[in-house]
Amino acid sequence: MDSLIAASARALAAGDALGALKRVALRDDPPALALRGIAMAQLGEHPRARELLRRAAREFGAHEELARARCVVAEAEVALAVRDFGGSPRALASALAVLEAHADHANALQARLIAARRQLLLGRLDEAEATLTGLNGHSLPPARAAVAELAAAELALRSLRVAQARAALGRAHDAAERARVPALLAEVKEAQAALDRPAARRLLAGGEQALRLDEVAALLDSDVLVLDACRRGLSAGDAWQSLARRPILFALALALAEAWPGDIGREALIASAFRTHQPDETHRARLRVEISRLRALVAGMAQIEATARGFALRPLAGREVAVLAPPIAGDQASLLALLSDGAAWSTSALAMALGDSQRTIQRALAELETAGRVRSIGQTRTRRWLSPPLAGYTTILLLPAALPIA
């Protein structure tokens, strides 16, 4: 490694992208291309950064697999920043194997962190936990330790382990202060502030009550039947019944829970589930069928009794019923929660994270754009979507796979 390459690498490690570019801007050898790519990524020029990193990886010879693996890891981090999940994760896994075989532990740890953060964004919490398990935050450099603890904190929050999240954020704050990276410290402080913001609303007879994440966790751990409209399901102690893929059954369960301890009329149930205010006999017959399906699904938590005018929810063991609503109303709450992170998302990445089709996401984005809640940049295949930050509350409960309850 010559002196200019070494000086450029040191500048990048210190966060001085312009200083790094001054030393290698006119060079086209593979190490200089890789450093230029990393510098461009730090400056926010992500398309140019990916082009330079791919060119560097191609130009490194077959005998330089370690250098090529480092380029793959750097490009994977850029792809994460632009929310591009179209590439196969096997390329990153292969690069990780090469780095570990050459005992490049620092870049191997970086590859693991990138993989874990990607899995968290896609809601694959079990995979993210397995990836993070092998990391020991105490043996990492301060900057990487802070990122690792941030990922561990997000994993804990998405699983509603609030005490573990607070501890991880405390360690992340200490590591970020040691690293002296202002952007990293600001990210940690923002994550800590989210713990004290409302995360959901508990609907009450006379209004609603804002709940923080720790209060939501306490409610779910209590002996209460919770209709969770954030993750679309029913919770009672350790039992969880998801209705996320059964919108009609969820609409019926929500209407019954909101009417508890009373009953709700058949016409109101038909209006909420089938979106019609002029029911006929076919709607009434369909209501009976759907109520029977819902009754079978929640048999271990509650009974659904027929009354003179409709149906009533009767929890087992004398439980109370609580309705947990999202902090923001609307069918696109989860979509807005993903977009509120400040990154520019493609429709394909949003569809992958939410488990919906691209056409469904495109229709939802068109509605939100008409309402002025999101905006797009670019055209056709390069089009990306942005939303202003949702201030005043946290969107943890609206993110994909946020509540894996055993």
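A crossing of two helices is termed left-handed if the near helix is turned anticlockwise from the far one by less than a right angle, and right-handed if clockwise. The structure described here is a predicted model, in which local features need pLDDT of at least 70 and side-chain atom pairs count only at pLDDT 80 or more, whereas totals for chains, interfaces and linings use all residues. Residues are numbered from 1 along each chain as its sequence is written, and side-chain values use heavy atoms, with hydrogens and water left out.

Helices (H or I, at least four residues) and strands (E, at least two) are DSSP runs, numbered from the N terminus. The crossing of α4 and α5 is left-handed. Helix α4 spans residues 46-59 and helix α5 residues 65-81; they pack at an angle of about 165°, and 9 Å separates their axes. Axes are lines fitted to C-alpha atoms, for helices over the stretch in contact, and angles run from 0 to 180 degrees between N-to-C directions. Because angles over 145 degrees count as roughly antiparallel, α4 is roughly antiparallel to α5. Contact is defined as heavy atoms within 4.5 Å. On the α4 side, the residues that meet α5 include His46, Leu53 and Ala57, and their counterparts in α5 include Arg68, Cys71 and Ala81.

In helix α2 (residues 17-24), Ala17, Gly19, Ala20, Leu21 and Val24 are buried, where buried means under 20% relative accessible area, exposed over 50%, and partly exposed in between (1.4 Å probe, protein chains only). These buried residues pack against α1 (3-13) and α3 (30-42).

A nonpolar core is a set of buried Ala, Val, Leu, Ile, Met, Phe, Trp, Tyr and Cys residues joined through side-chain atoms within 4.5 Å. The largest such core has 85 residues, and those with the most contacts inside it include Leu213, Trp345 and Leu397. Helix α9 (residues 142-158) gives the most to this core, contributing nine residues. Apart from it lies another core, of 32 residues, with Leu252, Leu254, Phe311 and Val323 among them. Beyond its neighbours within four places in sequence, Leu213 is in contact with residues including Leu157, Ala199, Thr394 and Leu397. The C-alpha atom of Leu397 is separated by 31 Å from that of Thr380, 17 residues apart along the chain. Thr380 lies in the loop between β10 (375-377) and β11 (384-386), and it counts as exposed because its relative accessibility is 73%.

An open sheet of three strands has the order β6-β8-β7, with antiparallel pairing. Two strands pair if DSSP finds at least two bridges between them. Since β6 and β7 stand at the edges, each with a single partner strand, one side of each is left without a neighbour in the sheet. Neighbouring strands of this sheet are turned by 25° against each other on average, direction ignored. Helix α14 (residues 266-274) packs on the sheet and touches β6 and β8, its direction making about 75° with that of β6. Strand β6 (residues 263-265) pairs with β8 over three bridges, and Asp263 stands opposite Ala312 in β8. Strand β7 (residues 302-306) pairs with β8 over five bridges, with Gln303 opposite Arg314. A hairpin is formed by β7 and β8, with three residues between them. Five of the six residues of β8 (residues 310-315) are buried, so this strand is largely enclosed by the rest of the structure.

How values were computed
Angles under 35 degrees count as roughly parallel, over 145 as roughly antiparallel, 65 to 115 as roughly perpendicular and the rest as oblique.
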